[in-house]
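Dear colleague,

Please find below the structure that I am handing over to you.

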Amino acid sequence: MINCCPVCGAAGREDVLSLLGLPVLINAQVDPDDAIDVARGDIDLVVCTACGHMYNRSFDPDLLGYDAAYENTLHYSPRFREYASSLAHRLVEDHALQDATVGELGSGPGHFLTMLCEAGAGAGLGWDPSFDADRLEAPDHGAVSVSAAPFPTDGSTPLALAASQHVLEHLEAPVDAVRALASAVAQSDGVVYSEVPNGALMVRDCALWDLIYEHLSYFVPSSLDLLHRRAGLRLTSSGTTFGDQFLWAEASVD
């Protein structure tokens, strides 16, 4: 049971909706015979009365397992590849990342890191506990490497760009995760790029495809801004993208 807001820590909340007995993983590959017996959990969606952040009060991280059976890449979609490639080129140009080292929390097999390197970055480092080179193959760019180890929290791996895409909404402690990204760019005065599903769109347009057990959090612009400020960062730009489905933010160390 989550008793306080993952972003601001306040306990005040109002009920939004409840959904019972949902499969906890929609991105895990299982055999057809095992599908009926997958782990299930409840969504008890509430909204924080202090910052407007939405979260699943009944979230139980012990039900989830982001291991080698987990696969959620979108890079098989031509439209998404076009979007991600355009983003990679913009980040490299806007932040002068030519020949720089960039990194990503929750990188999967390194598709986006490859795009960043193809756009001019010098090296791409990824961290993802679900990464399995035997199943997903090694990154297809020689300057990209991916580790199944946790993202370093002590700034020991300096980066010019530290990115996370569709990761923060899965985490119990998103402030700590962004704080780790901040520590990675602090030495170089680099940039933190964060991207999450747009919780405001879900409410406005009833976009229920994002209402899944894997998502502890449903960010809105105000809570995404607060998340970065609590991690010691200052938002330099933010907005929506991909048909308003995603919220994004760029931030620097304050």
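**Surface and overall form**

The chain exposes about 11500 Å², of which carbon and sulfur atoms supply 51%; accessible areas come from the Shrake-Rupley method with a 1.4 Å probe, and for residues only the protein chains shown count as cover. Please note that this is a predicted model, in which local features need pLDDT of at least 70 and side-chain atom pairs count only at pLDDT 80 or more, while totals for chains, interfaces and linings use all residues. Residues are numbered from 1 along each chain as its sequence is written, and side-chain values use heavy atoms, with hydrogens and water left out.

The C-alpha trace spans about 50 × 45 × 35 Å along its principal axes. For 254 residues, a compact globule would have a radius of gyration near 18 Å, and the chain agrees with this at 18 Å; the radius is taken over C-alpha atoms, and the globule rule is 2.2 Å times the number of residues to the power 0.38. Buried residues account for 48% of the 254, where buried means under 20% relative accessible area, exposed over 50%, and partly exposed in between (1.4 Å probe, protein chains only).

Among contacts between residues at least 6 apart in sequence, 66% join residues at least 24 apart; a contact means heavy atoms within 4.5 Å. The chain carries 12 positive and 36 negative side chains, and the centres of the two sets lie 9 Å apart. In that count Lys and Arg are positive and Asp and Glu negative, with His and the chain ends not counted; the charge is placed at NZ of Lys, CZ of Arg, CG of Asp or CD of Glu.

**Strands and sheets**

The secondary structure comes to six helices and 11 strands. Both are DSSP runs numbered from the N terminus: helices are H or I with at least four residues, strands E with at least two.

An open sheet is formed by four strands in the order β1-β2-β3-β9, with antiparallel pairing. Its edges are β1 (13–23) and β9 (217–218), each of which has a single partner strand, so one side of each is left without a neighbour in the sheet. Two strands are taken to pair if DSSP finds at least two bridges between them. Strand β3 (residues 54–56) pairs with β9 over two bridges, and methionine 54 stands opposite tyrosine 218 of β9.

Elsewhere, β5 and β6 run parallel and are joined by four bridges. Leucine 125 has serine 145 in β6 as its bridge partner. In a regular strand the side chains alternate between the two faces of the sheet. In β6, Val144 and Val146 make up the covered face, whereas Ser145 and Ser147 make up the uncovered one.

**Helix α2**

Helix α2 (residues 111–118) is mostly covered, with six of its eight residues buried: Phe112, Leu113, Thr114, Met115, Leu116 and Cys117. Their cover includes α1 (78–94), β4 (101–105), β5 (123–127), β6 (144–147) and β7 (161–165). Just after α2, glycine 120 adopts a positive phi of about 130 degrees.

**Individual residues**

Tyrosine 193 belongs to strand β8 (residues 191–197) and is buried, at 1% relative accessible area. Beyond residues up to four places away in sequence, tyrosine 193 touches a set of residues that includes Tyr83, Leu87, Arg90, Leu161, Trp248 and Ala249. Tyrosine 193 and alanine 249 are 56 residues apart along the chain, yet their C-alpha atoms are separated by 5.8 Å.

Serine 252, in strand β11 (residues 246–253), is likewise buried, with a relative accessible area of 16%. Setting aside neighbours within four places in sequence, serine 252 is in contact with Gly190, Gly232, Leu233, Arg234 and Thr236.

Two further residues lie in loops. Histidine 215, between α5 (199–205) and β9, counts as buried at 5% relative accessibility. Apart from residues up to four places away, histidine 215 touches Asn56, Glu169, His170, Pro197 and Asp210.

Glutamate 172 is in the loop between β7 and α4 (174–185) and is partly exposed, with a relative accessible area of 48%. Leaving aside neighbours within four places in sequence, its contacts are Pro6, Phe59, Pro61 and Leu216.

With kind regards
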